[in-house]
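Open the model in your viewer and keep the selection panel at hand. The stops below go from one selection to the next.

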Amino acid sequence: MAFSDSEAITRVGPGTPMGELMRRFWLPAAMSSEVEADGDPLRLMLLGEKLIAFRDTSGKVGIMDHRCPHRCASFFFGRNEGNGITCVYHGWKFDAEGNCIDMPNVPEDQDFKHKVKAKAYKTEERNGLIWIYMGKAEEAPALPALPPNLLPEEDVSIRFILRECNWLQAMEGDLDTSHVGFLHAGAAKAEDVADKKDHHRFVVGNRAPDYNVKDTDWGVMYGAHRPADKGETYWRIGQFLFPFWTMQPAGKFEKFIIARGWVPMDDEHMMFVVIRRNTGDPAQSGSPVVGLSHNYEFKPNTTDWYGRWRLVADEENDYLIDREVQKNDSYSGIEGLHIQDQAMCESMGAITDHSFERLAPSDIMITQVRKRLLLAARAYVKDGSLPPCAVDPSIYQDVRSGNFIVPEEQDWLDAYREKYEAADKVEDLLKPAAE
Ligand code: FES
Ligand SMILES: [Fe+2]
């Protein structure tokens, strides 16, 4: 990839092509539980901007540039009380929309608070997530109808994890499904998977699947396929959804409802945000037989811009790699699926040097998604045109991922539609249980 393309696709600050495109989409900023009414302001870094989030006395969430518009002192030190945040430098007070509601250091006859606004962004909250729109408020569409975020908070798990690298290389880990048979399950053999219902036996029995990809209104979809039992094909369907969402095929298609956001904080840091339906079925969350276990041990959060949701295993301690385990037991010697991915992505460098890489046929989804992202960013800069899902965010609601087995002669897109019709729908899950 040419350097100019590489730059255009990875950089997200104000004025960059991708940064401008991202500002036309809602971003998940924090969990609802991270800010309490009249509680401490929270430092957030998003799209290269330093922000402060707070929940006012009435419960409304405000997110704004961390600098007070008076003399730029940080609202981080502010007092969050009485339905607003007060800058402790000279006492100017702002509501959650950024209106200046008090200017106590200025004589009353010279007061100009009605002319002052903090740089506040539009926010919304839904089912445990706080969303931010960093474009012009009047251009904000509805929140994206991502299926798991339409479900009640108690029916899903939400997790945030900081990753210290560019968002694109991190997201591409979800598009590159061929790594599953190596990084995560490289030590397992098909015969280890005794349970015939555990589809991972196909993954570890054939580590070189073929891929189909297709452009869609929401982004790009792929189907990784390999032979299953006689006359059947095992499909793993995954999705890329503009601008940074993925749905990977790690569960049975009928019940699997997930969205994985690779949210850019700045060019060299991102926040992984996963929203996942709890089905109570362990088969939905990987196979213990092939070592697909999780290890989420977090450092205590700090108030730093990069201080939230940091895993204990990190670059400093080589992700706690155990070479004995690598020799005798697991393929990587690193414990935990997410940490394995994190180690690989961060080891590429803060921003991958795309002139150094040599993509393979198994990377066809990565290639296609880069192409779509680049075209979308360039088109937006040129004439303001947007991908369909940015204009109509209800498009997200019918997108699903997962794995299934169908007769080998069945077309994959027909199979996808058929499986989608038979799958659990958000509307059905929201209906009160029948008597
Ligand atoms: S800098 Fe905030 S009130 Fe003066
Ligand atoms: Fe992975």
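This is a predicted model: local features need pLDDT of at least 70, side-chain atom pairs count only at pLDDT 80 or more; totals for chains, interfaces and linings use all residues.

Residues are numbered from 1 along each chain as its sequence is written, with chains lettered from A and ligands numbered from 1 in the order in which they are written.

Select helix H1, residues 3–10. Helices (H or I, at least four residues) and strands (E, at least two) are DSSP runs, numbered from the N terminus. Ala8, Ile9 and Thr10 of H1 are buried (20 or more other C-beta atoms within 10 Å of the residue's own, with C-beta atoms placed from the backbone). Their cover includes helices H2 (17–22), H4 (167–175) and H9 (364–383).

The axes of H1 and H9 come within 10 Å and cross at roughly 80 degrees (axes are lines fitted to C-alpha atoms over the stretch in contact, and angles run from 0 to 180 degrees between N-to-C directions). H1 is therefore roughly perpendicular to H9 (65 to 115 degrees). Asp5, Ala8 and Ile9 of H1 meet Arg370, Leu373, Leu374 and Ala377 of H9; contact means C-beta atoms, placed from the backbone, within 7 Å.

Next, select the open sheet of 4 strands, ordered E5-E6-E7-E8 with antiparallel pairing (strands pair if DSSP finds at least two bridges between them). E5 (79–80) and E8 (100–102) are the edges, each with a single partner strand, so one side of each has no neighbour in the sheet. Finish on E7 (93–94), which pairs with E8 over 2 bridges. Phenylalanine 94 has cysteine 100 in E8 as its bridge partner.

Technical notes: A residue is buried if 20 or more other C-beta atoms lie within 10 Å of its own, exposed if 12 or fewer, and partly exposed in between; C-beta atoms are placed from the backbone. Two residues are in contact if their C-beta atoms, placed from the backbone, lie within 7 Å. Angles under 35 degrees count as roughly parallel, over 145 as roughly antiparallel, 65 to 115 as roughly perpendicular and the rest as oblique.
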